[in-house]
Amino acid sequence: MTGARGALLSGSSQLLLLLPERGAGSGSRSGFRSGRERLNCRLMTNQELVQRAQAVLFQNYRTQPVALVRGEGTWVWDADGKKYLDFIGGIATVSVGHANARVREALFEQARLLWHASNLYVTEPQVRLAEKLTKATATLKRAFFCNSGTEANEAMIKLARHHHVVNGQPERIEILCFNNSFHGRTLGSLAATGQPKYQQGFGPLPQGFRFVDYGDATQLERAVGPQTCAVLLEPLQGEAGVVPPPQGYLAKVRELCTKHGAIMLLDEVQTGMGRTGKLFAHQHTGVEPDAMSLAKGIAGGMPLGVMLAREDLAKVFTPGTHASTFGGNPLATAAASAVMDLLQGGLLEHVQRAGERLAGRLSSLKTPRAAGERGMGLLRALLLSEDLAPKVVAQARELGLLVNAIGERVIRLAPPLTVSESEIDRAAELLETAVSRA
Ligand code: PLP
């Protein structure tokens with residue numbers, strides 16, 4: 001660590017960055033300052049960190065002018081020491097709260113044992129997690145681990161295409177997808193994403209993706225046929241503005257896939273891992289997909305993705321067909337196992353109750369600019385009657401509440417699943433004020 005910047009937190013939650021010692025590495029054995037010297041080290045402010053970020057990072061995100069340095073449960077602190085209620089949770093990813101003690105312990109324990117081995121070898125946390133995930137679904141009995149949602153979707157697309165090749169129907173390449181969907185930014189997932197604004201300027205994209213309107217059973221029925229390789233959909237469209245499908249739609253997709261021999265691929269990257277009140281959103285419907293992608297909340301904020309698939313599909317991925325160096329990393333899978341234990345130890349029931357409370361609070365905001373709400377469990381959207389969403393986000397942030405805008409009229413809320421009732425009530429009050437002031 002000689003010459004490195006170590007971070008530690010003061011009682012006031014401000015970020016103390018230990019600057020490299022002058023001459024570190026020559027005179028000092030550890031490279032860290034003594035306790036006394038630490039007291040003199042410079043406090044980094046939001047402004048300084050934002051400026052440094054702007055100087056060296058790609059400017060591809062609409063990053064808020066706030067540097068977060070610490071989290072605990074539903075709360076986060078910025079570098080100036082300001083405290084926020086976090087109702088976006090790393091975009092539906094901090095599933096069991098910031099710095100969750102059980103996940104932290106699992107990480108520490110695994111960090112003492114083994115950080116990385118690659119898939120040249122078996123690692124215990126990966127096997128343990130695969131056992132838990134496959135036990136939790138009725139039909140998906142094999143797991144392939146990767147590191148993100150887009151990778152899990154790439155894996156599903158490849159698996160579906162390869163299945164038909166192996167089964168003597170290489171001409172079945174068409175993947176049916178949905179307008180306004182979102183599946184990720186790598187080229188395959190991007191080709192499957194029904195939002196042209198994300199695709200423009202990155203062509204040529206992989207071929208064979210066809211789009212229909214989400215929720216329109218007639219369009220889907222017309223589009224599925226002997227050329228269809230797979231139907232790929234979200235059980236609720238997250239990035240489209242938290243849009244659930246009509247009742248019975250997933251069952252219709254299942255019926256058409258089964259009838260035509262197409263593979264039903266569910267993207268549960270945003271909706272999975274308890275977010276909607278069931279472990280997986282499709283479990284609200286009784287429909288079983290042929291394969292499913294998960295990421296985001298699966299490891300509470302550690303990077304991890306997974307594709308789960310039916311045994312007969314999984315077997316077409318023979319050695320060498322698909323791979324990931326970091327996939328199933330011991331730290332990430334150990335964290336995810338702890339998350340699974342929490343979800344199955346009573347948290348799902350809490351999400352159902354908390355989701356109802358949040359829905360009730362959002363639908364009764366006292367401002368004419370609030371035009372209702374929608375969503376499932378703790379993935380919800382406040383709808384606005386005017387084009388104010390980015391302004392509402394800024395006002396909420398000023399008031400100490402973090403939320404996210406989708407377009408101009410949707411505010412997305414996805415707090416940690418551990419959020420308390422009083423935190424929901426407080427967030428609703430702050431949001432009401434933010435909407436009024438925007
Ligand atoms: N699929 C869905 C439904 C998503 O919401 C997202 C991200 O928002 C992705 C895939 C991509 O996930 P990642 O950003 O981890 O690649």
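Apart from neighbours within four places in sequence, Val306 contacts Leu133, Ala143, Phe144, Phe145, Ala152, Leu294 and Ile298. The model in which these contacts are found is a predicted one.

Val306 also belongs to the largest nonpolar core, a set of 117 residues. It is among the residues with the most contacts inside that core, together with Val231, Ala291, Ala335, Val339, Leu401 and Leu431. Helix H12 (residues 330–363) makes the largest contribution to this core, with 14 residues. At least three residues of the core come from each of domain 2 (44–99 + 348–438) and domain 3 (117–328).

## Domain arrangement

Three domains are assigned to the protein: domain 1 (1–42), domain 2 (44–99 + 348–438) and domain 3 (117–328). The centres of domain 2 and domain 3, taken over C-alpha atoms, are separated by 28 Å.

Contacts between these two domains involve 23 residues of domain 2 and 20 residues of domain 3. On the side of domain 2 that touches domain 3, two or more residues are given by each of H3, H12, S13, strand S14 (379–384) and strand S17 (410–413). H12 supplies the largest share of that side, 4 residues. By class, the side of domain 2 that touches domain 3 comprises 12 nonpolar, 8 polar and 3 charged residues.

## Ligand shell

The ligand is surrounded by 14 residues, of which Ser148, Gly149, Thr150, Gly184 and Val269 are the closest. Helix H6 (residues 149–166) gives the most to this shell, with 3 residues. Divided by class, the shell around the ligand has 3 nonpolar, 8 polar and 3 charged residues.

## Surroundings of Gly375

Gly375 is placed in strand S13 (residues 370–376). This residue is classed as buried because 24 other C-beta atoms lie within 10 Å. Setting aside neighbours within four places in sequence, Gly375 is in contact with Val242, Arg380 and Ala381.

Gly375 and His163 are 212 residues apart in sequence, and their C-alpha atoms are 34 Å apart in space.

## Strand pairing and hairpin

Strand S3 (residues 68–72) and strand S4 (residues 75–78) run antiparallel and are joined by 4 bridges. Within this pairing, Gly71 stands opposite Val76 in S4. The two strands S3 and S4 form a hairpin with 2 residues between them, and Gly73 in the turn has a positive phi of about 60 degrees.

## Backbone features

Ile91 is located in helix H3 (residues 89–92), whereas Lys296 is in the loop between strand S11 (291–294) and strand S12 (305–310). Ile91 counts as partly exposed because 14 other C-beta atoms lie within 10 Å. Lys296 is buried, since it has 28 C-beta neighbours inside 10 Å.

The peptide bond joining Gly203 and Pro204 is cis, with omega at about 0 degrees. Pro204 belongs to the loop between helix H8 (196–199) and strand S8 (209–212).

Technical notes
Residues are numbered from 1 along each chain as its sequence is written. This is a predicted model: local features need pLDDT of at least 70, side-chain atom pairs count only at pLDDT 80 or more; totals for chains, interfaces and linings use all residues. A residue is near a molecule or strand if its C-beta atom, placed from the backbone, lies within 6 Å of it. Ala, Val, Leu, Ile, Met, Phe, Trp, Tyr, Cys and Pro count as nonpolar, Asp, Glu, Lys and Arg as charged, and the others, Gly among them, as polar. A residue is buried if 20 or more other C-beta atoms lie within 10 Å of its own, exposed if 12 or fewer, and partly exposed in between; C-beta atoms are placed from the backbone. Two residues are in contact if their C-beta atoms, placed from the backbone, lie within 7 Å. Two strands pair if DSSP finds at least two bridges between them. A nonpolar core is a set of buried Ala, Val, Leu, Ile, Met, Phe, Trp, Tyr and Cys residues joined through C-beta atoms within 7 Å. Domain bounds come from an automatic or database domain assignment.
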